[in-house]
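Please read the following comments alongside the sequence and the coordinates.

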Amino acid sequence: MDLANCVAPGVQGSEMKPVGCPPGLEYLTQIDQLLIHQKVELVEAILGWEANNKYLVKNSLGQQVFYVAEENDCCNRNCCGPLRSFVLHIQDNVGQEVITLTRPLRCGSCLCPCCLQELEIQSPPGTPIGYVVQTWHPYLPKYTIQNENKQDILKIVGPCCTCKCCSDVNFEVLSLDETQTVGCISKQWTGALREAFTDADNFGIQFPLDLDVKIKAVLLGACFLIDFMFFEHNN
């Protein structure tokens, strides 16, 4: 097998590191989209027993950029389901952890605006670089993207119905005043059989090439939060 076709070139970093770029995220400065593939777990598909989620993050050529693994215990996964707290470890292609995502246990109802969903993005692990904060709305999925100082940078707005058959579900990345489209997080349709029998999903993320690399990492984290909130339902 030609490993050069499987792993993105230069993903482990470069001698010329961009100013302000956390170590391990250099490759993100060179791209404007990512593809996320959740790995199918047979124990979930056959028995319905929730396992730790695992994902592959790839570039537009299908080359692996990151590997993502959930850290959780059996009780939390199977009792709290998609509302569960979690830690996601994002590793580069040499196994070094470059991003850590932490989600506390919060309410999942829009009727409780005092305890909405939040995700902290750290890079390197232990150093916060941004947050994804759910914004209260009676029927639309809405989030605010914040930097490390908790200053609002972008908005994410999803459709009122996230259950669509035979089509993608798009969450638009917008400017703060919600008048300009900056990018998109799309849950991609994977086919009737896979949709019916597993909760393993595919996503695509698009963002400006010149977007702050830290905010690119925060948008990547937002994709996982959206997956857990709307698509992590064991069928």
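The points below take these topics in turn.

1. Basis of the note. This is a predicted model, in which local features need pLDDT of at least 70 and side-chain atom pairs count only at pLDDT 80 or more, while totals for chains, interfaces and linings use all residues. Residues are numbered from 1 along each chain as its sequence is written, and side-chain values use heavy atoms, with hydrogens and water left out.

2. Cysteines. The structure holds 0 disulfides, a disulfide being a pair of cysteine sulfur atoms within 2.5 Å. Cys160 is exposed at 59% relative accessibility, whereas Cys161 is partly exposed at 39%. Here buried means under 20% relative accessible area, exposed over 50%, and partly exposed in between (1.4 Å probe, protein chains only).

3. Cis peptide bond. Most peptide bonds are trans. The bond between Ser123 and Pro124 is cis, with omega about -5°. Pro124 belongs to the loop that runs between strand S6 (118-122) and strand S7 (128-134). Helices (H or I, at least four residues) and strands (E, at least two) are DSSP runs, numbered from the N terminus.

4. Positive phi at Lys150. Most residues other than glycine have a negative phi. Lys150 is not a glycine, yet its phi is positive, at about 60°. The residue sits in the loop between strand S8 (142-147) and strand S9 (152-157) and is partly exposed at 45% relative accessibility. Lys150 also lies over the face of Tyr131, 4.7 Å from the ring centre; this requires NZ of Lys or CZ of Arg within 6 Å of the ring centre and within 35 degrees of the ring normal.

5. Positive phi at Glu178. Glu178, likewise a residue other than glycine, has a positive phi near 60°. Its loop lies between strand S10 (169-174) and strand S11 (181-188), and Glu178 is partly exposed, at 33% relative accessibility.

6. The structure holds 6 aromatic pairs. Among them, Phe171 and Phe230 form a tilted pair, 5.8 Å centre to centre with 40° between the planes. This pair links distant parts of the chain, 59 residues apart: Phe171 is in strand S10 and Phe230 in helix H4 (residues 213-231). Rings of Phe, Tyr and Trp (its six-membered ring) pair if their centres lie within 6.5 Å; planes under 30 degrees apart count as stacked, over 60 as edge-to-face and the rest as tilted.
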